Amino acid sequence: MRITRRLEFDAGHRIPDHASQCRHLHGHRYALEITLSGGVIDAAGQPVNGMVMDFADVKAVAKAHIVDEWDHAFLAYRGDHAVIDFLASMPGHKTVVLDCVPTAENLASEAFRILDPLYRDTYGNHLRLERVRLFETPNCWADALREDAAD
């Protein structure tokens with residue numbers, strides 16, 4: 001069985017080498033979809049009976065490790081020295097420094113990498129992360145998939 005939970009957050013970024021508008025500082029209302037697979041739990045009398053994972057628990061993990069970290073932050077590439085130096089000049093600015101350019105594709109992959117071990121077999125029902133879908137806009141998204149990740 002597969003289940004999906006959606007969360008949203010706001011963040012800024014720029015794509016320093018982009019040939020058009022995305023090279024400028026800008027922000028998005030991101031939507032993050034977490035898809036998990038696992039067996040449906042058969043545990044009469046237990047709160048998770050009939051579930052793969054409680055959607056509240058799916059949300060709690062993603063919120064603690066991605067949404068709370070990235071929400072209202074500027075997601076900056078470590079090699080983008082102009083932006084990193086500028087943001088460092090603002091005391092208390094919420095900046096997330098990444099080892100990759102913060103494209104939708106790279107952010108989806110980074111979220112998958114972070115979340116994968118956190119969901120793995122949580123309930124003893126062979127639970128695992130299958131997909132992280134990150135919407136940068138309502139019409140543009142990237143998927144990081146289990147089959148593309150190193151197990």
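Colleague: How many salt bridges does a search of the whole structure find?

Modeller: This is a predicted model, in which local features need pLDDT of at least 70 and side-chain atom pairs count only at pLDDT 80 or more, while totals for chains, interfaces and linings use all residues. Residues are numbered from 1 along each chain as its sequence is written, and side-chain values use heavy atoms, with hydrogens and water left out. If a salt bridge is taken as a side-chain nitrogen of Lys or Arg within 4 Å of a carboxyl oxygen of Asp or Glu, the search of the whole structure gives a count of 14.

Colleague: How many residues apart in sequence are the parts that Arg78 and Asp99 tie together?

Modeller: The side chains of Arg78 and Asp99 meet in a salt bridge, with 2.7 Å from N to O. Arg78 lies in the loop between S3 and helix H2 (81-88), whereas Asp99 lies in the loop between S4 and H3, so the separation in sequence of the parts they tie together is 21 residues.

Colleague: What pattern does the chain follow when read along the sequence?

Modeller: Helices (H or I, at least four residues) and strands (E, at least two) are DSSP runs, numbered from the N terminus. The chain has 3 helices and 6 strands, and read along the sequence they follow the pattern β-β-α-β-α-β-α-β-β.

Colleague: Which strands stand at the edges of the sheet?

Modeller: The 6 strands form an open sheet with mixed pairing, in the order S4-S3-S1-S2-S5-S6, where two strands pair if DSSP finds at least two bridges between them. Each edge strand has a single partner, so one side of each is left without a neighbour in the sheet, and these edge strands are S4 (95-98) and S6 (140-145).

Colleague: Which residue in S3 stands opposite Gly12?

Modeller: Strand S1 is joined to S2 by 12 bridges in an antiparallel run, and there Arg5 has Ile34 of S2 as its bridge partner. S1 and S3, by contrast, run parallel and are joined by 3 bridges. In S3, the residue standing opposite Gly12 is Phe74.

Colleague: Which residue in S4 stands opposite Tyr77?

Modeller: Strand S3 (residues 73-77) pairs with S4 in the parallel sense, over 4 bridges. Opposite Tyr77, the residue in S4 is Leu98.

Colleague: What angle does the direction of helix H1 make with that of S1?

Modeller: Helix H1 (residues 55-70) packs on the sheet and touches strand S1 (2-13), strand S2 (26-37), S3 and S4, contact meaning heavy atoms within 4.5 Å. Axes are lines fitted to C-alpha atoms, for helices over the stretch in contact, and angles run from 0 to 180 degrees between N-to-C directions. Between H1 and S1 the angle is about 15°.

Colleague: How many disulfides does the structure hold?

Modeller: A disulfide is a pair of cysteine sulfur atoms within 2.5 Å. The sulfur of Cys100 is too far for a bond, because the closest cysteine sulfur, in Cys22, is 16 Å away. Cys140 is in no disulfide either, the nearest cysteine sulfur, that of Cys22, being 9.1 Å away. The number of disulfides in the structure is 0.
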